[in-house]
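This briefing is meant to be read beside the sequence and the three-dimensional structure. Please keep both in view while following the points below.

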Amino acid sequence: MEEQSGQSVLRDDVIDVLKGFAIFCVVLGHIHPVKPVLNFIYSFHMALFMFLSGITFWFSFERKRAQGLMDRKKVCLYIIKRCASLILPFAVWCEIKGIVLENQLDFLKNVRCNFGYYWFLPTLFGIIVFATVPNLFRKPENAKNDFLFDMVVLFISALLCAVCFKYTQIKVFRQILIYLPFFYFGLFVKKYAFIGRIFSSHVAIGVSILAYLFVFQFYSIDDMSRLSLAARFVTGLLFTVIIYNFVKTYHDEMHFGIRNCISNFGKHSLQIYLIQEFFRSSVPSASLKQRFLHSRTLFPISRSALKFT
């Protein structure tokens, strides 16, 4: 759902088609169809979005940095632009939803209570910050060590998020920790040729299909056990390999009208996401316990606040 950079970068229609497919799955998942369909959709849909965000990050930032077009000033400007395109809509729509649907004028409370609806935006912004800031210290002459540098950044970013969530219980750190690998997966597929070749190989696709069918049986949307959550993480990676290569292979063979329609949905996926979350059924404002249990708040709610629910 991340917007393309405003620079003159050619759009990859494969990415737009995949975004269109993903946002369709998001909307379908939110209208509560039968459980098997929900299990299928939730096994990959947000992982796919983060993967695609990693690819668009390569187009809008990493490729220019590698060409020497991103000095420190432009890196800072890039972060500011991403803040304007992600955090500003997050704050605005949290307020609109709080004021219109919950008659709540408290800015911080609206942001806290509606975080669960618009969590993708601050999560993606946090991941972009973690991926961008280290480039202020990257030396161009050490380009041969880029992969090692990126792996160290990924590890340190994950560690920082784990520590921050443990001691602050702010949910956005947990979300960043969960989806950071998918973002870097998309970035690495575009940035490093050897990973791209492995990713697109027939062996990888075949193994991914078989592994997905096997691991999927251990995942259920109602099961919050470690095994189910681990299965969701793995199925997210596997289905991303499957669907990306499928669309990339058969993109030109798709019916033009259908492909163009899906692509247009993908180009406006951020707007569709914001609007459909606004009309999505709200958790009753009095049910703080339900909000807490379903992780729909940005900050933890104290046990004393749950006593009257």
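Two residues are in contact when they have heavy atoms within 4.5 Å of each other. By that criterion, among contacts in the protein between residues at least 6 apart in sequence, 75% join residues at least 24 apart. The model is predicted, so local features need pLDDT of at least 70 and side-chain atom pairs count only at pLDDT 80 or more, whereas totals for chains, interfaces and linings use all residues. Residues are numbered from 1 along each chain as its sequence is written, and side-chain values use heavy atoms, with hydrogens and water left out.

**Overall composition**

- The protein contains 15 helices and zero strands; these are DSSP runs numbered from the N terminus, with helices being H or I of at least four residues and strands being E of at least two.
- Of its 309 residues, 49% count as buried, where buried means under 20% relative accessible area, exposed means over 50%, and partly exposed lies in between (1.4 Å probe, protein chains only).
- The largest nonpolar core has 76 residues, and F120 and Y184 have the most contacts inside it. Such a core is a set of buried Ala, Val, Leu, Ile, Met, Phe, Trp, Tyr and Cys residues joined through side-chain atoms within 4.5 Å.
- Helix α3 (residues 45–66) supplies the largest share of this core, twelve residues.
- In soluble globular proteins, nonpolar side chains tend to be buried together.

**Packing of α11 and α12**

- Helix α11 (residues 202–215) packs against helix α12 (residues 226–250) at an angle of about 140°, and their axes are 9 Å apart. Axes are lines fitted to C-alpha atoms, for helices over the stretch in contact, and angles run from 0 to 180 degrees between N-to-C directions.
- On the α11 side, the contact is made by A204, I205, S208, I209, A211, Y212 and V215; on the α12 side, by A231, V234, T235, L238, F239, V241, I242 and N245.
- By class, this contact of α11 with α12 has twelve nonpolar, three polar and no charged residues. Ala, Val, Leu, Ile, Met, Phe, Trp, Tyr, Cys and Pro count as nonpolar, Asp, Glu, Lys and Arg as charged, and the others, Gly among them, as polar.

**Salt bridges**

- Two salt bridges are found in a search of the whole structure. The criterion is a side-chain nitrogen of Lys or Arg within 4 Å of a carboxyl oxygen of Asp or Glu.
- K35 pairs with D222, with the closest N and O atoms 3.1 Å apart. K35 is in helix α2 (residues 35–42) and D222 in the loop between α11 and α12, so that the pair links distant parts of the chain, 187 residues apart.
- K35 is partly exposed at 39% relative accessible area, whereas D222 counts as exposed at 58%.
- D150 and K191 form a salt bridge with an N to O distance of 2.7 Å. This pair also links distant parts of the chain: D150 is in helix α8 (residues 146–168) and K191 in helix α9 (residues 171–191), 41 residues apart.
- Both D150 and K191 are buried.

**Surroundings of R138**

- R138 lies in the loop between α7 (120–132) and α8 and is buried, with a relative accessible area of 12%.
- Leaving aside neighbours within four places in sequence, R138 is in contact with E62, R65, D146, F149, D150 and K191.
- The C-alpha atoms of R138 and F149, eleven residues apart along the chain, are separated by 8.3 Å.

- V17, in helix α1 (residues 13–30), counts as buried at 3% relative accessibility.
- The C-alpha atoms of V17 and S263 are 4.3 Å apart, although 246 residues separate the two along the chain.
- Beyond neighbours within four places in sequence, V17 is in contact with V247, H251, M254, R259, I262 and S263.
- Q276, in helix α14 (residues 269–279), counts as buried at 13% relative accessibility.
- Not counting residues up to four places away in sequence, Q276 touches V26, V27 and H30.

**The loop between α8 and α9**

- Q169 lies in this loop and is partly exposed, with a relative accessible area of 34%.
- Phi of Q169 is near 60°, a positive value in a residue other than glycine.
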